[in-house]
Amino acid sequence: MANQTEALVLGDGLKAELPMDASRARETIVSGAGVIPMFRVLGRITASGLLTNYTPGATNGSEIAVAVAIEG
């Protein structure tokens with residue numbers, strides 16, 4: 001039998017949140033971060049305040065996880 005791949009939906013990773021979208025915010029992703037898929041962990045670059053991919057070994061602020069993308 002062939003494998004079937006389904007696209008992620010919001011309920012696959014978001015199980016609960018604060019009322020009235022209090023746990024959501026619109027943020028800007030730094031140019032050059034590439035394609036950010038749904039549920040990607042993000043870090044904030046200290047110098048610019050923009051979000052980018054979480055990078056544990058970095059020294060620019062993105063080594064601290066601050067958000068999870070809920071849209072690809």
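Trainee: Leaving aside neighbours within four places in sequence, which residues is Ala33 in contact with?

Mentor: Contact means heavy atoms within 4.5 Å. Ala33 touches Thr52 and Asn53 on that basis. This is a predicted model: local features need pLDDT of at least 70, side-chain atom pairs count only at pLDDT 80 or more, and totals for chains, interfaces and linings use all residues. Residues are numbered from 1 along each chain as its sequence is written, and side-chain values use heavy atoms, with hydrogens and water left out.

Trainee: Which residues make up the largest nonpolar core?

Mentor: In soluble globular proteins, nonpolar side chains tend to be buried together. A nonpolar core is a set of buried Ala, Val, Leu, Ile, Met, Phe, Trp, Tyr and Cys residues joined through side-chain atoms within 4.5 Å. Buried means under 20% relative accessible area, exposed over 50%, partly exposed in between (1.4 Å probe, protein chains only). Here the largest core has five residues: Ala33, Ile36, Leu42, Leu51 and Ala69.

Trainee: How many salt bridges does a search of the whole structure find?

Mentor: Side chains of opposite charge can pair when their charged atoms come close. The cut-off is a side-chain nitrogen of Lys or Arg within 4 Å of a carboxyl oxygen of Asp or Glu. The search finds three. Glu27 pairs with Arg44 at 3.3 Å, N to O. Those two sit 17 residues apart. Arg24 bridges to Glu17 at 2.9 Å and to Asp21 at 3.7 Å.

Trainee: Is Asp21 buried or partly exposed?

Mentor: Asp21 is partly exposed, because its relative accessibility is 45%. Glu17, at 32%, is partly exposed too.

Technical notes:
Helices (H or I, at least four residues) and strands (E, at least two) are DSSP runs, numbered from the N terminus.
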